[in-house]
Amino acid sequence: MTQHLRKILHVLLTCLLAYTAYLQFNDPDPLFWVLLYALAALVPLAAVIDTNAKTANVLHGLAAGFCLAGLAISLPGLVEYLHYHLGSESLVEDMSPEKPYIEEGREFIGTAFAFIVSLSYWVVRKPLA
């Protein structure tokens with residue numbers, strides 16, 4: 001992948017994760033989820049601005065740690081959805097207090113994406129210069 005295309009990918013991932021962080025402000029527990037996605041957005045942004053290795057490692061660690069916590073928080077809801085509701089309900093239907101597993105299933109999927117992005121940048125860190 002050329003340097004220019006990599007930079008575009010970094011910017012797109014930054015924007016996607018930052019937008020996801022913005023969407024979390026309407027969540028019942030926004031602080032954790034906004035921080036999770038904001039930290040994940042900083043990982044590709046750090047690749048764009050070419051931060052030093054120490055700063056990048058700190059960002060990767062913080063983002064991955066928040067993502068692991070988010071996966072642990074939302075895993076029970078995803079398991080409940082997969083075990084009891086997979087054929088009868090959709091994860092894209094409206095949330096309700098009676099169906100917390102829908103929100104948790106979606107949180108798990110989004111957090112898994114953020115974790116994969118954060119982990120990928122840690123594993124394959126190449127400078128843009």
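Student: How many helices and how many strands does the protein chain have?

Tutor: The protein chain has four helices and zero strands. Helices are DSSP runs of H or I with at least four residues, strands are runs of E with at least two, and both are numbered from the N terminus. Read from the N terminus on, the elements run α-α-α-α. This is a predicted model, in which local features need pLDDT of at least 70 and side-chain atom pairs count only at pLDDT 80 or more, while totals for chains, interfaces and linings use all residues. Residues are numbered from 1 along each chain as its sequence is written, and side-chain values use heavy atoms, with hydrogens and water left out.

Student: At what angle do helix H1 and helix H2 pack?

Tutor: Helix H1 (residues 3-23) and helix H2 (residues 30-49) pack at about 165°, and their axes are 8 Å apart. The axes are lines fitted to C-alpha atoms, for helices over the stretch in contact, and angles run from 0 to 180 degrees between N-to-C directions.

Student: Why is H1 called roughly antiparallel to H2?

Tutor: Set the angle against the cut-offs: under 35 degrees is roughly parallel, over 145 roughly antiparallel, 65 to 115 roughly perpendicular, and the rest oblique. The angle here is about 165°, so H1 is roughly antiparallel to H2.

Student: What is the handedness of the crossing of H1 and H2?

Tutor: The crossing of H1 and H2 is left-handed. That term applies if the near helix is turned anticlockwise from the far one by less than a right angle; if clockwise, the crossing is right-handed.

Student: Which residues in H1 meet residues in H2?

Tutor: Among them are Lys 7, His 10, Val 11 and Leu 13 in H1, and Val 34, Tyr 37, Ala 38 and Ala 40 in H2. Contact means heavy atoms within 4.5 Å. The residues of this contact of H1 with H2 divide into 14 nonpolar, three polar and one charged. Ala, Val, Leu, Ile, Met, Phe, Trp, Tyr, Cys and Pro count as nonpolar, Asp, Glu, Lys and Arg as charged, and the others, Gly among them, as polar.

Student: How do H1 and H4 pack?

Tutor: H1 and H4 pack at about 145°, with their axes 12 Å apart. H1 passes H4 in a left-handed crossing. His 10, Leu 13, Leu 16 and Leu 17 in H1 meet Phe 113, Ala 114, Val 117 and Tyr 121 in H4. The residues of this contact of H1 with H4 divide into seven nonpolar, one polar and no charged.

Student: Why does Leu 16 count as partly exposed?

Tutor: Buried means under 20% relative accessible area, exposed means over 50%, and partly exposed is in between (1.4 Å probe, protein chains only). Leu 16 has 42% relative accessibility, so Leu 16 counts as partly exposed. The C-alpha atoms of Leu 16 and Ala 114 are separated by 9.9 Å, although these residues are 98 residues apart along the chain.

Student: What makes Cys 15 partly exposed?

Tutor: Cys 15, found in helix H1, has 47% relative accessibility and therefore counts as partly exposed.

Student: And why is Ser 120 called partly exposed?

Tutor: Ser 120, in helix H4, has a relative accessible area of 37%, so Ser 120 is partly exposed.

Student: How many aromatic pairs does a search of the whole structure find?

Tutor: The search finds five. Rings of Phe, Tyr and Trp (its six-membered ring) pair if their centres lie within 6.5 Å; planes under 30 degrees apart count as stacked, over 60 as edge-to-face, and the rest as tilted.

Student: What makes the pair of Phe 32 and Trp 33 edge-to-face?

Tutor: The planes of Phe 32 and Trp 33 are at 85°, with 4.9 Å centre to centre, and the pair is edge-to-face. Phe 32 has 22% relative accessibility, so Phe 32 counts as partly exposed. Trp 33 has 0%, so Trp 33 counts as buried.

Student: Why is the pair of Tyr 81 and Tyr 101 called stacked?

Tutor: The ring centres of Tyr 81 and Tyr 101 are 6.5 Å apart and their planes are at 25°, so the pair is stacked. Tyr 81 lies in helix H3 (residues 53-85) and Tyr 101 in helix H4 (residues 100-123), so the pair ties together parts that are 20 residues apart in sequence.

Student: How do you know that Tyr 81 is buried?

Tutor: The relative accessibility of Tyr 81 is 6%, so Tyr 81 counts as buried. Tyr 101, at 4%, counts as buried too.
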